[in-house]
Amino acid sequence: MIRNISLLLSGDLQKPILDADTVVAVDGRIAAIGKQNDIDTAGASVIIDAKGTTLAPGLIDSHVHPVAGDWTPRQNQIGWIDSYLHGGVTTMISAGEVHTPGRPKDVVGLKAMAIFAQRAFSAFRPGGVRIHAGAPVIEHGMVEEDFKDLAAAGVTMLGEVGLGSVKDGATSRQMVAWARKYGIQSTIHTGGPSIPGSSLIDKDIVLAADADVIGHINGGHTALPDDQIVTLCEKSSRALEIVHNGNERAALLTLRTASELKQLDRVILGTDSPAGSGVQPLGILRMISMLSSLGDVPAEVAVCFATGNTARIRNLDCGLIAVGRAASFVMIDKAQHSPGKTVLESIRRGDLPGIGMVIIDGVVSAQRSRNTPPATTVPEIVQH
């Protein structure tokens, strides 16, 4: 049981703030939400006093590039996933294990690597973070049976379309259609090249491929021209993924266009990391703060981009404070000495909140963050 919650952010754009001060979870799933006096809390084995702090769904990073365990060869860094936990991230989506040294590009090899990554990260969760990995990069020579095989093995996502040898819209569309037929979701690389061997993927290729997610629409690293970004927002109905390791101006253009179209439900957030610009443990929090403070959206709405929106588009069981969903939460408060009077006001001013606790599947995975500025108030485990 988590009690004495002062502000409960639901992650749902339709109702981003809930009138509740208590959440109960049983066996890793949310069992009740409401006022403490109205909920049966007898027999709670773990009681957390929120001490008037804010409870939000655990953050989801929609675009990461894991390789093996908690190590990234791109920056030769150990423990990067655990560091993201201290940035409030409880779930990660792989956009392809493309930094793997010697990454195989033949069909047998790429299928084997995807299945290996899916199996490995299903069994290994650094700090408790759930990583949905095993995202193959499509290459010439793949046929429908390959996608059927991948789906049967448990692979649910393609890596970024355009990072492999397939770069034309027509062939990409056929492979995306095969993937979709077998329940495999796809993301397309958008913008200029980011790794050797990749190339420009412009609006025509993105629209032709019709992948489920327009990956890093604000560039990874180089964004498309403004008119192409606007066209993608207007002519596609697919998810608009804004990333930390991209162009901030293009990110704000995407957000403004989606808002004008009344389609903020399409906006999701990722870091596109690890990358040449580094490991970004606070990347999702920084995106929430940036989009709220400079993009003129309420902080509670910006939180939805990294929680409920991503969960819905990525078909995840987390991301929302709702009965039956995974009990994964981040507990935040305004940072010490922030000029904002509340946590939401501090985010609107561009400050990062302080994290006091992270809970994944009903288990406390981290307490006061080692990475965020110190929270003014932190929750306390009063019974365990």
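**Aromatic pairs and beyond**

Guide: Searching the whole structure, which is a predicted model, turns up 2 aromatic pairs.

Visitor: How are the rings of tryptophan 80 and tyrosine 84 arranged?
Guide: Their centres are 5.2 Å apart and their planes sit at 85°, so this pair is edge-to-face.

Visitor: Where do those two lie?
Guide: Both are in helix H1, 4 residues apart. That is about one turn of the helix.

Visitor: Why does that spacing matter for direction?
Guide: An α-helix has 3.6 residues a turn, so residues three or four places apart point the same way.

Visitor: Is tryptophan 80 buried or exposed?
Guide: Tryptophan 80 counts as buried, at 0% relative accessibility. Tyrosine 84 is also buried, at 0%.

Visitor: And the pair of phenylalanine 147 and tryptophan 178, what is its geometry?
Guide: The ring centres are 6.0 Å apart with planes at 45°, so that pair is tilted. Phenylalanine 147 belongs to helix H3 and tryptophan 178 to helix H4 (residues 169-181), so the pair ties together parts 31 residues apart in sequence. Phenylalanine 147 and tryptophan 178 are both buried.

Visitor: Switching topic. Where is histidine 86?
Guide: Histidine 86 is in the loop between H1 and strand S11 (89-94). Its relative accessible area is 11%, so histidine 86 is buried.

Visitor: Which side chain does histidine 86 make a polar contact with?
Guide: The side chain of arginine 370, at 3.0 Å. Beyond its neighbours within four places in sequence, histidine 86 also contacts other residues, including Leu282, Ile355, Ala366 and Asn371.

Visitor: Next, threonine 271. Which loop is that in?
Guide: The loop between strand S16 (267-270) and helix H8 (283-295). Threonine 271 has a relative accessible area of 0%, so threonine 271 is buried. Its side chain makes a polar contact of 2.6 Å with the side chain of serine 273.

Visitor: What is threonine 271 in contact with, leaving aside neighbours within four places in sequence?
Guide: Among them are Asp61, His63, Tyr84, His244 and Gln280. Gly283 and Ile284 are on that list too, and both are buried residues of H8.

Visitor: What follows H8?
Guide: Aspartate 296, with a positive phi near 60°.

Visitor: Now H2. How many residues does it have?
Guide: Helix H2 (residues 107-123) has 17. From first C-alpha to last, H2 reaches 25 Å, close to the 24 Å expected at 1.5 Å a residue.

Visitor: Which residues of H2 are buried?
Guide: Val107, Gly109, Leu110, Lys111, Met113, Ala114, Ala117, Gln118 and Phe121. Note that Lys111 is one of them.

Visitor: What covers them?
Guide: The cover includes helix H1 (80-85), strand S12 (130-132) and helix H3 (144-152).

Visitor: Zoom out. How many helices and strands are in the protein?
Guide: There are 11 helices and 20 strands. The C-alpha trace spans about 60 × 40 × 35 Å along its principal axes.

Visitor: What is the radius of gyration?
Guide: The protein has 20 Å. A compact globule of 384 residues would be near 21 Å, so the value agrees.

Visitor: How much of the protein is buried?
Guide: Buried residues make up 58% of the 384. The accessible surface is about 14400 Å², and 50% of that belongs to carbon and sulfur atoms.

Visitor: Last one. What share of contacts join residues at least 24 apart?
Guide: 73%, among contacts between residues at least 6 apart in sequence.

Note on methods: Residues numbered from 1 in each chain as written. Predicted model: local features only at pLDDT ≥ 70, side-chain atom pairs only at ≥ 80, totals over all residues. Heavy atoms only, no water. Expected span 1.5 Å × (residues − 1). Buried < 20%, exposed > 50% of the residue type's maximum accessible area, 1.4 Å probe, protein only. Contact = heavy atoms within 4.5 Å. Polar contact = N/O pair within 3.5 Å; in protein donor to acceptor, adjacent residues only side chain to side chain. Rg over C-alpha atoms; globule rule 2.2 N^0.38 Å. Areas by Shrake-Rupley, 256 points an atom, 1.4 Å probe, with all protein chains shown as cover. Phe/Tyr/Trp six-rings, centres within 6.5 Å; stacked < 30°, edge-to-face > 60°.
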